[in-house]
Amino acid sequence: MSIYDTLNDRQQEAVFYTEGPLLILAGAGSGKTRVLTHRIAWLIDQIGVNPWNILAITFTNKAAGEMRERVDQIVGFGSESIWVSTFHSMCVRILRRYIDRLGYDTNFTIYDADDQKTLIKDVCKYLQIDTKMFKERSLLSAISSAKDELVTPEEMTLRAEGDWAKKKIAQVYTEYEKQLKANNALDFDDLLLKTVQLLQTQPDVLEYYQERFRYIMVDEYQDTNTVQFKLVSLLAGKYQNLCVVGDDDQSIYKFRGANIMNILNFEKEYPNAKVIKLEQNYRSTSTILNAANEVIRHNTGRKEKSLWTENGEGEKIQFRQFDSAYDEADYIVSDIKDKVNSGKREYKDFAILYRTNAQSRIFEEKMVVSNVPYKIVGGVNFYARREIKDLLAYLKTVDNGKDDLAVRRIINVPKRGIGLTTIGRVQDYATEREISFYEAILAAGSVPGIGRALGKIESFAALIEHFKAEGERMSVAELMDEIIDATGYVEELQADSDEEAESRLENIEELRNKIVAYEESCEAEDEKSTLSGFLEQVALVADIDSLDEETDYVVLMTLHSAKGLEFPHVYLAGLEDGIFPSYMTITADDPAELEEERRLCYVGITRAKENLTLTCARRRMVHGETQYNKMSRFLKEIPLSLLSTGALFKKEQTEEEPKVSAYRQAKQAFATKAFAATKPAQQFTVTKGKGPGYDVGDRVRHIKFGEGLVTQITEGGRDYEVTVDFDTAGTKKMFAMFAKLQKID
DNA sequence: TTGTCTGCATTTTTT
DNA sequence: ATGCAGACAA
C-alpha cells in the first residue's frame, strides 16, 4: 500500500502526469494541496528528480511553509532544497543576485504601499500635478496596472500621444520610476517586472534558471496576472514541465490585475496541455456544497464543472437577520461561546468572514467583552504602524543610504529641530546635483541657506554614521537596541503615559522579538543574518502568514484572506446589498464586477466544512452614518430548502417598523426573488434616524445658501434628493447627505 | 519650528 | 468616524 493509493483516480492521474504542461482545474476542497505535495513527492521518489530542480509557487508564505512540511513528511529528505515560495519572494531572491545587471544595487529597498504613496506625492509636487484632478490613488493604480501589463514608462508615453490626460499619467509614471531607481528601491510590482526584464535581457541568467527549475508548479493560478504569467512562461520555456492548479470560480483578485484569461486560455497557450478536473469535494457537507454550487451557477463564462461529494447532508445552513450590526455580532459571539461551553467545539473551529476589514471592529469589541480568544487577520499591517516604520526607516537608512524616503522620514524623528524649510533646502540641493538626500546631508556645510540648522544636521549625520559603523560588527538586534538607545525613541514614548504610547511600546517590543526570531531562524538554517535579509522578510510577510492552526482562537478575516483555508464552522457576516456585494460593484456598469463578488461569495461558502451560518443586519453604521440595507442578493440564490432560519429573536421595541418575524422576512425576500432582479434594491442613507429630518414645506438653513423653503423631496439611490427654494440663492437640488440642511422651527 | 485647529475627503478586496 | 493637508498662532 503506497501513499498514492489514498488518492482518487483523477488525483492520481494528476500526480503521475509529470512531463509537459498540465492544467489541473481543482474545485474548492478537491484536495489540490494534497495533489501538489504528492506530485512533488512522486517526482523525487519515483521519477528521481533532484529536489533542487523543483519550483513550487504558492500564494502566501504560510502555504509555502505548509507545503514544504508536508512534502518532508512524505519523502523524508530533500524538501529543504525545493524552492517553495511566493512569486514575490522568489523574485527578490533572484534579484538580490542579479539586479546589478539592470543598474540597481543588490541591496535595494522594497517600498510598501505607504512608501509608494509618499513617493507619488513627492512626484506630484515636483511635477506640479494638480492632485485634485489626478488623485494619487488613481495614479498609483494606473502605474501598478501598467507594470502588471509589462508596460514601460516609454511605452506608455508613446501610447499617450495626443491625449493630454494620458500624457500626464505617463509623465508621472516616468518620474516615479526615475525616483525609485535613484532611491535604489523597488515597489511590489517591480519585483515581478524587473525579474521578467532580467530574464528577457540576460540570456545566461534565463538559461541558469530554466535549467534549474525543470519542474514548475503554480498554485492558485487563477489569480496570476500578466507579469506572473510571463515570468512562469519564461522559466518553463525550455522544459515545459509546467503544472498549474487553479479554479476559475475562485478568481477574486481581478482588482489587482489578475487575469482570468491565464487559466481560461491555458490550453491555447500550451496546445499540448493536458487538462485534469478535480471535482470531488472532500471538505464540505453536501448541503454547503449545494449552496455554493447554486450561487456560482449564476455566473456566466466559467469553465463548466460540477462539484460533488460523498459526504453526508449534514446540518442545514443557518440564516439570521438582525436589526443592527451589534445584534449580529452579539449573536455570533454568543453562539460561538455556547458551542464551546457545551463542549461541542473549540474556539479554533470557528471563523468569522466579512467583506471589508472595517467590519472586524464590532466583532472585536464583542470578543473582548465576552472573553473569547480571537485573532484578526489583515487590517492595519503590523509593519505599517508608525513607530515600526520609523524604526525600520533607521535600519533602512543604515542599509541603503540611497533610500531618500527613509532618511527624510527619520531626520526629525524624534524631534531634532530640523524643520520643513531646512529639509526642503537640502532636497533642492540634492536634486540639483543629482545626489541622494543623505549625501546632501553629509555635505550640509555647502548647502546654501541652512543657517543655524547646520549643527543639528551634522549631529544627525554623525549619528547615522555611527550606526553604520556599529552595524558592521553588530547583529541586527544589537543595532536596533543601539538605535533605540541613541535616538531616545523609546524614552520619549515612556515619558508619554497615555494608552497609545503604551501600545506603541508594546509594538516596538514585538519588533525586537521578530528581529531575534529572524536571527534565530537564520542560525538554524546556517545562513548569515543580515540587515537586508531582515528588511526583505519584513516587506514580504502577509498578515495571514502569522495564522496558527494550533492556537485555540476564533479567526476573523476578510473573504479574500480566507482563500485556501477551511474551518469546521464558518460565519459569513454582513450579507447585505451594499456591503456584500459591495456598493461599488452594484453601481458599476460592468456586470463582471458583480460576478467577481459572487465568486468571493462562493469562496466564502466553500470554506465551511460542517456548519455555515449566514447573517445580515437591517441597520449598520458605515463611515459614521446609519445605513439601511436589503439582504444580499446572493442569499436569494441559495435554495430555501437548504436553509434554516431558526428561532425568532428579539426586536427592538423602539422601532416603529412593522413587526415581521425573521422567518417571514426571509420568506418574503425569497418570494420576491423573481421581481428583485428587475427592481433596484431599495436602500438609502441618511445622516440621522429615518428620513432627512425635514419635509416639504419646512424652512431649512444651508451652510452656504442660507435659508429657504423645501419644495420637493425625492428618494433616489442611497439618498434623498431635496429641492430647496432659497431666499437669496435661488432654487437648488441637492442630496440630503451632502447638504446637511437644518430645519428651522 | 512646532502645535493646533479646521475643513476636507475618504471607504473593497492585498503580495 | 477617522485621517490628512493646509492655515495660522505661539
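**Close-up 1. Gly29 and the loop between β1 and α2.** Gly29 is found in the loop that runs between β1 (22-26) and α2 (32-47); helices (H or I, at least four residues) and strands (E, at least two) are DSSP runs, numbered from the N terminus. The model is predicted: local features need pLDDT of at least 70 and side-chain atom pairs count only at pLDDT 80 or more, while totals for chains, interfaces and linings use all residues. Residues are numbered from 1 along each chain as its sequence is written, chains are lettered from A and ligands numbered from 1 in the order in which they are written, and side-chain values use heavy atoms, with hydrogens and water left out. With a relative accessibility of 14%, Gly29 counts as buried (under 20% relative accessible area; exposed is over 50% and partly exposed in between, with a 1.4 Å probe and protein chains only). Not counting residues up to four places away in sequence, Gly29 touches Gln280, Asn281, Tyr282 and Arg283 (contact means heavy atoms within 4.5 Å). Gly31 lies in the loop between β1 and α2. An unreviewed UniProt entry places the feature "binding site" at Ala26, Gly27, Ala28, Gly29, Ser30, Gly31, Lys32 and Thr33; such annotations may be inferred rather than shown by experiment.

**Close-up 2. The buried face of helix α10.** Helix α10 (residues 203-212) has Val205, Leu206, Tyr209, Gln210 and Arg212 as its buried residues. Seen down the axis of α10, these residues fall within an arc of 165 degrees, so they line one face of the helix; the arc is that of the directions from the helix axis to the C-beta atoms. Their cover includes β3 (83-86), α4 (87-98), α9 (188-201) and α11 (226-236).

**Close-up 3. Aromatic pairs.** The structure holds 20 aromatic pairs (ring centres of Phe, Tyr and Trp, the last by its six-membered ring, within 6.5 Å; planes under 30 degrees apart are stacked, over 60 edge-to-face and the rest tilted). The rings of Tyr98 and Tyr209 have centres 6.0 Å apart and planes at 85 degrees, so this pair is edge-to-face. Tyr98 lies in helix α4 and Tyr209 in helix α10, so the pair ties together parts that are 111 residues apart in sequence. Both Tyr98 and Tyr209 are buried. Tyr253 and Phe255 form a tilted pair, at 5.6 Å centre to centre with 40 degrees between the planes. Tyr253 is buried at 8% relative accessibility, whereas Phe255 is exposed at 60%.
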